[in-house]
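Let's take a walk through this protein together, one piece at a time. Have the picture open as you read.

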Amino acid sequence: MIYRKICSAGVILLLFLVGRPFFPGPEGSRQTDPRRGREIYEEWCSQCHGKQGKGDGAAAARMYPKPRDFTHGAFKFRSTPSGELPTDQDLFRTITLGVPGTAMPGFDNLSRKDRWDLTAHIKTFSERFREETAPKAMAIGRSPKMTKARIERGRDVYVRKGQWIPGTFAADRKSPTSIEPCPQGSMGHPCLPIWMA
Ligand code: HEC
C-alpha cells in the first residue's frame, strides 16, 4: 500500500518536473498571443496610441505628454541602457502600473495573460523587436552619496546626453521657460522642462 502511494507520488512529481516546459504559464515561457493582444489593444489602447500604434488615436490630440508612438521602437521606461529596447518585463510593468502624472492608466483590471498578450502585440509595431534583442536589465547599485562633485558630474552627463532644455536647472533659470522644442528624443513633440533645484 505504502509502496503504491510512494510510486504514485513519484509519478506525479516526475510529471510535474518533466511536464513543466510543456505547460508553462505565460510569464515563464512568454507563450503569448499577439493576435489576441491586438483585439485587446483595439479595445483598450487604440483610442490613445492609435490603431497602427503611431500615437495618433482620437484622444491623443490634446494630451501632454503624447501617447507613445510604438513604431519608433523608442521607449522611456526601461531597465536597459539608454537607446536600447526595453525588456518584456519593462513593457508588462508599464502596462500594469501606468505612468502616474500622465494620461496613461494602469491596466491591472486586465488579466496577466491579457497584459502579456498586449506586450507581444506592442512589439509587432516596430521592426526593432524583430531585428534586435533587448539586453538584460541593468544592475542598479546602491544610491550614491550626494557630493558636490557628483552633482556637477551628473549635470554634465545630462546636458551632454541632449535631454537638457534651457532653464531646466534653477541656476540657469532667468525667466520662466515656456514649452520649448526638445533638442532630441521627444519625437518632434514639445518638451516641458521640469525645473530642478
Ligand atoms: C488615455 C490614453 C491612454 C490609453 C487608453 C493608453 N495609453 Fe499608453 N500611454 C499614454 C501616454 C500619454 C503615454 C506616455 C507617457 C509618457 O510619455 O510619460 C503612454 C505610454 C505607454 C507606454 C510606455 C512607453 C515607454 O516609452 O516606455 C506603454 C508601454 C503603453 N503606453 C502601453 C499602453 C497599452 C498596452 C494600453 C492599453 C492596454 C495603453 N497604453 C493605453 C496614454 C494612454
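Before we start, one term: a residue counts as near a molecule if its C-beta atom, placed from the backbone, lies within 6 Å of that molecule. Keep in mind, too, that this is a predicted model.

With that in hand, let's begin at the ligand. It is surrounded by 23 residues, and the closest of them are Cys45, Cys48, Lys76, Phe77 and Met104. What kinds of residues make up this shell, nonpolar, polar or charged? The shell around the ligand has 17 nonpolar residues, four polar ones and two charged ones. Three helices each give at least two residues to the shell: α4 (46–49), α5 (88–97) and α6 (112–122).

Now step back and look at the whole chain. The protein has eight helices and two strands, and if you follow the sequence, the order reads α-α-α-α-α-α-α-α-β-β. Of its 197 residues, 17% count as buried. Look next at the contacts with a separation of 6 or more: 50% of them are between residues 24 or more positions apart.

Eight of its 11 residues are buried, so α6 is largely enclosed by the rest of the structure. The buried ones are Arg115, Trp116, Asp117, Leu118, Thr119, Ala120, His121 and Ile122.

How does α6 sit against another helix? Two packed helices are described by the angle between their axes and the distance between the axes. For α3 (residues 34–44) and α6, the angle is about 100° and the axes are 7 Å apart. That makes the two helices, α3 and α6, roughly perpendicular. On the α3 side, the residues involved are Pro34, Arg36, Gly37, Arg38, Ile40 and Tyr41, and they meet Asp114, Asp117, Leu118, Ala120 and His121 of α6. This contact of α3 with α6 is made of five nonpolar, two polar and four charged residues.

Which residues form the largest nonpolar core? There are eight: Tyr41, Cys45, Phe70, Leu91, Ile95, Leu118, Ile122 and Phe125.

Let's follow two of its members. Phe125 is in the loop between α6 and α7 (128–131). Why does phenylalanine 125 count as buried? Because it has 20 C-beta neighbours inside 10 Å, and 20 or more is what being buried takes. Setting aside residues up to four places away in sequence, Phe125 touches Gly53, Phe70 and Thr71. Phenylalanine 125 also shows how the chain folds back: aspartate 69 is 56 residues away from it in sequence, yet their C-alpha atoms are 9.1 Å apart in space. As for Phe70, its contacts beyond four places in sequence are His49, Gly53, Ile122, Phe125 and Ser126.

Next comes the loop between α4 and α5, where you'll find proline 65 and proline 67. Most residues other than glycine have a negative phi, and most peptide bonds are trans. The bond that joins tyrosine 64 and proline 65, however, is cis, with omega at about -5°. Proline 67, for its part, counts as buried, since 22 C-beta neighbours lie inside 10 Å. Not counting residues up to four places away in sequence, proline 67 touches Cys48, His49, Gly55, Gly57 and Ala60. Another residue to look at from here is aspartate 56, which is 11 residues from proline 67 in sequence and 7.6 Å from it in space, C-alpha to C-alpha.

Our last stop is serine 46, which lies in helix α4. Is serine 46 buried or partly exposed? It is partly exposed, with 18 other C-beta atoms within 10 Å. Leaving out residues up to four places away in sequence, serine 46 touches Tyr41, Lys51 and Gly57.

Definitions and conventions
Residues numbered from 1 in each chain as written. Predicted model: local features only at pLDDT ≥ 70, side-chain atom pairs only at ≥ 80, totals over all residues. Helix = DSSP H or I, 4+ residues; strand = E, 2+ residues; numbered from the N terminus. Nonpolar A, V, L, I, M, F, W, Y, C, P; charged D, E, K, R; others polar. Axes fitted to C-alpha atoms, helices over the stretch in contact; angles between N-to-C directions. Parallel < 35°, antiparallel > 145°, perpendicular 65-115°, else oblique. Contact = placed C-beta atoms within 7 Å. Core = buried A, V, L, I, M, F, W, Y, C linked by C-beta atoms within 7 Å. Buried ≥ 20, exposed ≤ 12 C-beta atoms within 10 Å, placed from the backbone.
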